[in-house]
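Let's walk through this structure together, one region at a time. Keep the 3D view open as you read.

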Amino acid sequence: MPNTAPLKIGVAGAGVMGRNHARVAAEMREFDLTTIFDPDAVTAEGVAAAYGASPVTTAQAFVDAGLDAAVVATPNRFHAEVGVGLLEKGVHVLVEKPIAATVADAQRMIDAAKANNRVLMVGQVERFNPAVETVKRAVADDEIISIQITGAEITEVQPQLARTRADREDTALLQFRLDNGVIAHITTNWVTPYKTRTLQVATKTKFIVADLITRQVTEYFGQQPDGSYSTRMLNSWPAEPLKKELEAFAHAITTGETAAVTGEDGLRNLEVALRCLGEL
């Protein structure tokens, strides 16, 4: 980042992700954390006090706080209201995923960013996980057969959804066909009592498994006719994904380069999610 004054940044929504953003932004030289917004005064005051910021309890007060940049980590249904207000005020916005609750709201945010020449970036934090970067490098020169990440566009969605313990879908088996012929798949649920996040990629010459929590990446290769194979661990540099994401946000603001995850990216992700739910 050029040797310029830190960007005045605020965080809207002091829930789990908002608190994480505040913690990381407060430690970064790129930012000066000045404002915390949460409609609950006790929550806003508590988080703001921890980082020497000012608390506000209304979206309008946050929009009017004189910020250069903001993280919107409110409930999804308020993303567009807060995000558009900030963008129209000339504030760069990093909005947590999903970009908005509806396609129309997402487009409103994209249009506001373009009209005001501001950065709109969507918080897809696992894209900045060092383990994911390691996997990308490992498969860069190979032909992918199946994958749980991709740079191609989705052409077909085959969702299997279930409600096991909640009023909404809490278990999903999702399969996608991509425009390059690769099959991608996601298995996820909110039922298991522990958190696990793994990424698997099969290519013509290897099989790679990445643990996105421990950031351990294992490559299986050299399969023999008798079924035996070799394994090796791939280096994954230690770095906090959220910090890398905020660094990318600051970089886009200060250089004018395209954001790492654009509003249009967020809109396409939202459209796929709504197709999986049968709502689009």
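Predicted model: local features only at pLDDT ≥ 70, side-chain atom pairs only at ≥ 80, totals over all residues.

Residues are numbered from 1 along each chain as its sequence is written, and side-chain values use heavy atoms, with hydrogens and water left out.

Start with the open sheet, where 6 strands run in the order E3-E2-E1-E4-E5-E6 with parallel pairing. Helices (H or I, at least four residues) and strands (E, at least two) are DSSP runs numbered from the N terminus, and two strands pair if DSSP finds at least two bridges between them. At the edges you will find strand E3 (54-56) and strand E6 (120-123), each pairing on one side only. From one strand to the next, the twist averages 25 degrees. Inside the sheet, strand E1 (residues 7-12) pairs with strand E4 (residues 69-72) in the parallel sense over 4 bridges, and Ala-12 stands opposite Val-72 in E4.

Now look for helix H7 (residues 241-255), which lies across E1, strand E2 (31-37), E4, strand E5 (92-96) and E6. H7 runs at about 155 degrees to E5; axes are lines fitted to C-alpha atoms, for helices over the stretch in contact (heavy atoms within 4.5 Å), and angles run from 0 to 180 degrees between N-to-C directions.

Next come the spaces. On a 1 Å grid over the protein atoms alone, a cavity is a set of points where a 1.4 Å probe fits but cannot get out, and a pocket is an open set with protein on both sides within 12 Å along at least five of seven lines; lining residues have an atom within 4 Å of a point. Grid points are joined across faces, edges and corners, and a volume is the space filled by probe spheres set on the points.

The second largest pocket holds about 320 Å³ of space. Of its 16 lining residues, Ala-113, Arg-118, Val-119, Leu-120 and Ala-259 are the closest to its centre. Helix H5 (103-115) and helix H8 (263-276) each give two or more residues to this lining, and H5 gives the most, with 3 residues.

The whole structure has 1 cavity of 30 Å³ or more. Its lining consists of Glu-156, Gln-158, Gln-175, Phe-176, Arg-177 and Ile-183, and strand E9 gives the most, with 3 residues.

Finally, some backbone details. Most residues other than glycine have a negative phi, and most peptide bonds are trans. Here, a cis peptide bond joins Lys-97 and Pro-98, with omega about -10 degrees, and Pro-98 sits in the loop between E5 and H5. Asn-117, in the loop between H5 and E6, has a positive phi near 55 degrees. Why does Asn-117 count as exposed? Because its relative accessible area is 62%, and exposed means over 50%, buried under 20% and partly exposed in between (1.4 Å probe, protein chains only).

Arg-215 has a positive phi as well, near 65 degrees, and is partly exposed at 27% relative accessibility. By contrast, Thr-218 in strand E13 (residues 216-221) counts as buried because its relative accessibility is 11%. Not counting residues up to four places away in sequence, Thr-218 touches Phe-207, Ile-208, Val-209, Arg-232 and Met-233.
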